[in-house]
Amino acid sequence: MSRLKEPFDSQFIKLSNLIVFAASVLLLVVVSFSVALFFAPEIITWISSEKKTEKPVVSQETPSDLWVAPDESLIPLDTHGDEIRYGKDLIVNTSRYLGPKGTVKSMSNGMNCQNCHLEAGTKPFGNNYSAVASTYPKFRPRSGMVETIEKRVNDCFERSLNGEALDDDSKEMKAIVAYIRWLGADVPKGVKPNGVGLVEMAFINRPANPERGKELFSLKCVECHGANGEGIPNAEGSGWIYPPVWGENSFNSGAGLFRLSRFAGYIKANMPFLITVENPVVTDEEAWDIAAYVTSMPRPKKDLTADWPDIAKKPVDHPFGPFIDDFSEVQHKYGPFKPIIEKQKELMTMSKGK
Ligand code: HEC
Ligand code: HEC
């Protein structure tokens, strides 16, 4: 018996040792984890947020089907690449080269292309250039002619920058076009990628209200753009930290942003500065009202008599007659736009029937 008992005893001892050992390991783990937690409760947040911080915030918020600009590091390291880089610099720092104190020429109002074409024309719904290379040259009803990229760029120089046109053959125009072509090089001909240009706003059922827009402007915009929409100049006076939104240094009445739907769409996805389309600060109604206020304030005027040679092609929110319908200029400025759209549809089907 005693010979049989011995192995049993030693087995029993081995087993209990194992249990004691396992229990101490468990205790050690629990104790060290609590100690770690006691000294660094942040560890939990760190662990849970580790995945998120891997990606830059922008791509995290950007649905994957939105256009993404090519990586700048892919610009070739040759003279063509130099031209593209100069083009980008001209978009970002237009005023430094071509503003009132421009080092190349004085031919525009001190604004930069980037003030409206955000992040050098790469931001989704930030008026980006993704579809320029793929869709130009194209017929534009505003001028009634087929426009090249050069012509479209000069439209913005003459209207948005209230300035003069650049020569198509100038070093600066060639560089700007080279950059824009490079940005859109991967977009197939004729395609407009998702996130191109500006957000298309739904029309509201009342006229946009400039008085309400004024109150909203003083709450949400005034800290950067100033109570008189005058902006804040940089220290050298060669450009703007915060660009003007009305007044003598702002875009003129022929600019795209002067139209209510363009202005509302621009601020909805982009203002206050640094917001994106996924987290707007103003509601649709607020965007329309602010647009009504800002575009009612004084600004440089452009002779627009040659625009929209076919008046049937005027957008409903182009506020200067003559129109094919008999709504007033005031309604074409502030809306409501739905009755105008209905009426125009009716007129078009009637004229087709003739
Ligand atoms: C005050 C704002 C503003 C500034 C500054 C501005 N633009 Fe524009 N630009 C616009 C608006 C608005 C549109 C039309 C967007 C739309 O209708 O969707 C536009 C359209 C364009 C287009 C055509 C885009 C397309 O997809 O068809 C090009 C190219 C362009 N701008 C180039 C420039 C360049 C180059 C500069 C600087 C010299 C410049 N813009 C400065 C507001 C501006
Ligand atoms: C925190 C500062 C800030 C606030 C607040 C802000 N903006 Fe801007 N805004 C900017 C900056 C900076 C730019 C130019 C962006 C660039 O160059 O990258 C700009 C550009 C603009 C532009 C196009 C360029 C121009 O001057 O015409 C408009 C229009 C505009 N803002 C309107 C508004 C409106 C309307 C609001 C209120 C809803 C607003 N912004 C709130 C900083 C701000």
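Ligand 2 is surrounded by 25 residues, the closest being Cys221, Cys224, Pro243, Pro272 and Phe273. Here a residue counts as near a molecule if its C-beta atom, placed from the backbone, lies within 6 Å of it. Helix H11 (222-225), H12 and H13 are the elements that give two or more residues to this shell, and H11 gives the most, with three residues. Helices are DSSP runs of H or I with at least four residues, strands are runs of E with at least two, and both are numbered from the N terminus.

Before going on, a word about what you are looking at. This is a predicted model, in which local features need pLDDT of at least 70 and side-chain atom pairs count only at pLDDT 80 or more, while totals for chains, interfaces and linings use all residues. Residues are numbered from 1 along each chain as its sequence is written, and chains are lettered from A and ligands numbered from 1 in the order in which they are written.

**The two ligand shells**

Which domains supply the shell around ligand 2 with at least three residues each? They are domain 2 (72-183) and domain 3 (210-353), with bounds that come from an automatic or database domain assignment.

Now turn to ligand 1, which has 24 residues around it; Cys113, Cys116, Cys156, Ser160 and Gly256 are the closest. Helix H8 (residues 149-158) gives the most to this shell, with four residues. Ligand 1 lies between domain 2 (72-183) and domain 3 (210-353), because both give residues to its shell.

The table sorts each shell by class. Ala, Val, Leu, Ile, Met, Phe, Trp, Tyr, Cys and Pro count as nonpolar, Asp, Glu, Lys and Arg as charged, and the others, Gly among them, as polar.

| Shell | Nonpolar | Polar | Charged |
|---|---|---|---|
| Ligand 1 | 15 residues | seven residues | two residues |

**How helices pack**

Two packed helices are described by the angle between their axes and the distance between the axes. Axes are lines fitted to C-alpha atoms, for helices over the stretch in contact, and angles run from 0 to 180 degrees between N-to-C directions.

Helix H12 (residues 260-270) packs against helix H13 (residues 284-294) at about 125°, and their axes are 8 Å apart. The angle therefore makes H12 oblique to H13; under 35 degrees counts as roughly parallel, over 145 as roughly antiparallel, 65 to 115 as roughly perpendicular and the rest as oblique. On the H12 side, Leu260, Phe263, Ala264, Ile267 and Lys268 meet residues of H13 that include Trp288 and Ile290. Residues are in contact if their C-beta atoms, placed from the backbone, lie within 7 Å. This contact holds 10 nonpolar, no polar and two charged residues.

H13 also meets helix H10 (residues 210-220): their axes come within 7 Å and cross at roughly 95°. So H10 is roughly perpendicular to H13. Among the residues making the contact are Arg212 and Phe217 of H10 and Glu286 and Tyr293 of H13. By class, the contact has seven nonpolar, one polar and four charged residues.

**Backbone details to look for**

Where can you find cis peptide bonds? One joins Gly321 and Pro322, with omega about 0°, and Pro322 sits in the loop between H13 and helix H14 (329-334). The bond from Gly335 to Pro336 is cis too, with omega near 0°; Pro336 belongs to the loop between H14 and helix H15 (338-353).

Finally, look at Ala120 in helix H6 (residues 118-121). Phi of Ala120 is near 60°, a positive value in a residue other than glycine.

Technical notes. Two residues are in contact if their C-beta atoms, placed from the backbone, lie within 7 Å.
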